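User: I'm new to reading helix packing. Could you take me through the reasoning behind the terms?
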Amino acid sequence: MAEKSTRTARGTIICDNTTMALLKANDYVAEAIRREMDRRGVLLINLTSSPGSGKTTLLQETGKRLKDVLRIKVLVGDLETERDAERLREAGIQAWQIVTGGICHLEGQMIMQALENISLDDTDVLIIENVGNLVCPASFDLGEDYRVTLLASTEGDDKPKKYPRMFFTSDLMLISKSDLLPHLPFSVDRAIQDARDINPDIECMTVSALTGEGMDAWCRWLVDRFEQKRRSKKPEESYDVE
Ligand code: MG
Ligand code: ZN
């Protein structure tokens with residue numbers, strides 16, 4: 001029976017197979033994705049949250065509002081079913097589903113494989129809707145420019161301190177389902193304070209995809225980040241010979 005190799009790979013570069021951590025391997029793939037997106041000037045967003053915080057609903061509404069402004073595509077991850085991609089397509093958004101078959105987060109290599117099916121030439125913004133989970137998706141860099149985390153008013157304002165890694169690694173926290181705030185003991189100030197205790201740089205907004213509250217600010221944020229990205233696009237390498 002073949003045994004798992006415990007030998008060290010040798011050559012100019014010496015790789016220790018046994019101690020090559022999964023996350024380290026993921027970081028290499030994430031970096032390759034980031035370089036490709038930088039070269040193309042495509043803005044890559046990693047959208048994370050608990051299950052049921054309204055990621056898909058937010059994206060449906062975002063896609064409708066920005067359909068004449070940005071060419072947005074969505075790559076959505078779930079343990080099972082194609083439902084979210086179907087919901088996004090119904091809203092007129094080009095969407096692809098990664099069914100992880102039980103894996104509770106997306107990894108760089110999944111994104112890399114999915115990218116083979118997506119034309120990036122006519123893409124301004126690619127949004128990855130991650131698997132609903134505030135725990136391990138925090139540890140997997142997907143090569144994104146920005147990580148955006150939704151915290152729904154229905155989840156309670158104590159989540160930033162309970163799941164600090166996710167909020168520590170996020171650039172923007174969107175407090176979603178703000179239309180329900182009048183009915184809930186959720187303090188927006190406390191949630192923001194706790195998130196900023198963990199990550200002083202995190203931006204915070206309050207949104208409701210249902211009533212439209214905060215949607216202009218969120219869409220503006222997305223457009224601004226895209227324009228920034230295009231401005232900083234790495235020039236194509238020139239092969240001119242002197
Ligand atoms: Mg969803
Ligand atoms: Zn996981």
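Analyst: Happy to! A crossing is called right-handed if the near helix is turned clockwise from the far one by less than a right angle. Keep in mind that this is a predicted model. In this model, the crossing of α2 and α3 is right-handed.

User: What makes α2 roughly parallel to α3?

Analyst: Start with the angle: the axes of α2 (residues 55-65) and α3 (residues 83-90) cross at roughly 20 degrees and come within 9 Å. Angles under 35 degrees count as roughly parallel, so α2 is roughly parallel to α3.

User: Which residues of α2 and α3 meet?

Analyst: From α2 there are T56, L59, Q60 and G63, and they meet D84, R87 and L88 of α3. By kind, the residues of this contact divide into 2 nonpolar, 3 polar and 2 charged. Gly counts among the polar residues.

User: At what angle do α1 and α4 pack?

Analyst: Helix α1 (residues 22-40) and helix α4 (residues 108-115) pack at about 35 degrees, and their axes are 8 Å apart. Their crossing is left-handed. On the α1 side the contact involves N26, V29, A30 and I33, while α4 brings G108, Q109, I111 and M112. Here the residues divide into 5 nonpolar, 3 polar and no charged.

User: How many helices and strands does the chain have?

Analyst: There are 8 helices and 7 strands.

User: What share of the residues in the chain is buried?

Analyst: A residue counts as buried if 20 or more other C-beta atoms lie within 10 Å of its own. Of the 242 residues in the chain, 37% are buried.

Note on methods:
Residues are numbered from 1 along each chain as its sequence is written. Chains are lettered from A and ligands numbered from 1 in the order in which they are written. This is a predicted model: local features need pLDDT of at least 70, side-chain atom pairs count only at pLDDT 80 or more; totals for chains, interfaces and linings use all residues. Axes are lines fitted to C-alpha atoms, for helices over the stretch in contact, and angles run from 0 to 180 degrees between N-to-C directions. Helices (H or I, at least four residues) and strands (E, at least two) are DSSP runs, numbered from the N terminus. Angles under 35 degrees count as roughly parallel, over 145 as roughly antiparallel, 65 to 115 as roughly perpendicular and the rest as oblique. Two residues are in contact if their C-beta atoms, placed from the backbone, lie within 7 Å. A residue is buried if 20 or more other C-beta atoms lie within 10 Å of its own, exposed if 12 or fewer, and partly exposed in between; C-beta atoms are placed from the backbone.
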